[in-house]
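Subject: Structure handover

Hello,

Here is the structure I promised you. My notes follow below it.

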Amino acid sequence: MLDERVARVEEDMRDIKSTLRSIETRLGAIEVALAAINGRFIGIDGRLAGIEGRLQSIPTAWQTVSILAALLFGVAAIVFATGNFVKP
């Protein structure tokens with residue numbers, strides 16, 4: 001009776017070992033796939049950092065208003081100076 005039980009346990013162990021081998025193979029494939037996906041995300045992270053840098057270099061609303069005001073005053077000064085220089 002003990003021999004039969006040991007034989008069943010040994011058979012079950014063979015099944016368990018083959019199942020573990022197939023699981024190990026699948027996990028290896030999953031690791032490879034995740035490494036490939038991670039490589040893509042690293043590329044995306046770099047692109048996002050570049051976009052973020054560009055967005056930070058865009059002037060704010062107040063800076064834009066100040067630049068336009070300075071340009072308008074500069075053009076007005078040139079027109080005023082030209083009008084005073086070219087008097088009839």
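In which helix does R26 lie? R26 lies in helix 1, which runs over residues 2-57. Helices here are DSSP runs of H or I with at least four residues, and strands are runs of E with at least two, numbered from the N terminus.

Some ground rules. This is a predicted model, in which local features need pLDDT of at least 70 and side-chain atom pairs count only at pLDDT 80 or more, while totals for chains, interfaces and linings use all residues. Residues are numbered from 1 along each chain as its sequence is written, and side-chain values use heavy atoms, with hydrogens and water left out.

Overall shape

The protein has two helices and zero strands. Its C-alpha trace spans about 125 × 20 × 10 Å along the principal axes. The radius of gyration is 38 Å, whereas a compact globule of 88 residues would have one near 12 Å. That radius is taken over C-alpha atoms, and the globule rule is 2.2 Å times the number of residues to the power 0.38. R26 and P59 are 33 residues apart along the chain, and their C-alpha atoms are separated by 52 Å.

Exposure

Of the 88 residues, 0% count as buried. Buried means under 20% relative accessible area, exposed over 50%, and partly exposed in between (1.4 Å probe, protein chains only). R26 counts as exposed because its relative accessibility is 59%. The protein exposes about 8,300 Å², and carbon and sulfur atoms supply 68% of that. Areas come from the Shrake-Rupley method with a 1.4 Å probe; for residues, only the protein chains shown count as cover.

Salt bridge

How many salt bridges does the structure hold? It holds one. The term needs a side-chain nitrogen of Lys or Arg within 4 Å of a carboxyl oxygen of Asp or Glu. The partners are R14 and E11, at 2.9 Å, N to O. They are three residues apart in helix 1, so about one helical turn separates them. R14 is exposed, at 51%. E11 is partly exposed, at 38%.

Nonpolar patch

V9, M13, I16, L20, I23, L27, I30, L34 and I37 form a nonpolar patch on the surface. Together they have about 800 Å² of accessible area. Patch residues have over 30% relative accessible area and no salt bridge; nonpolar side chains (Val, Leu, Ile, Met, Phe, Trp, Tyr) are joined within 5 Å, like charges within 9 Å. I37 is found in helix 1. At 36% relative accessibility, I37 counts as partly exposed.

Best regards
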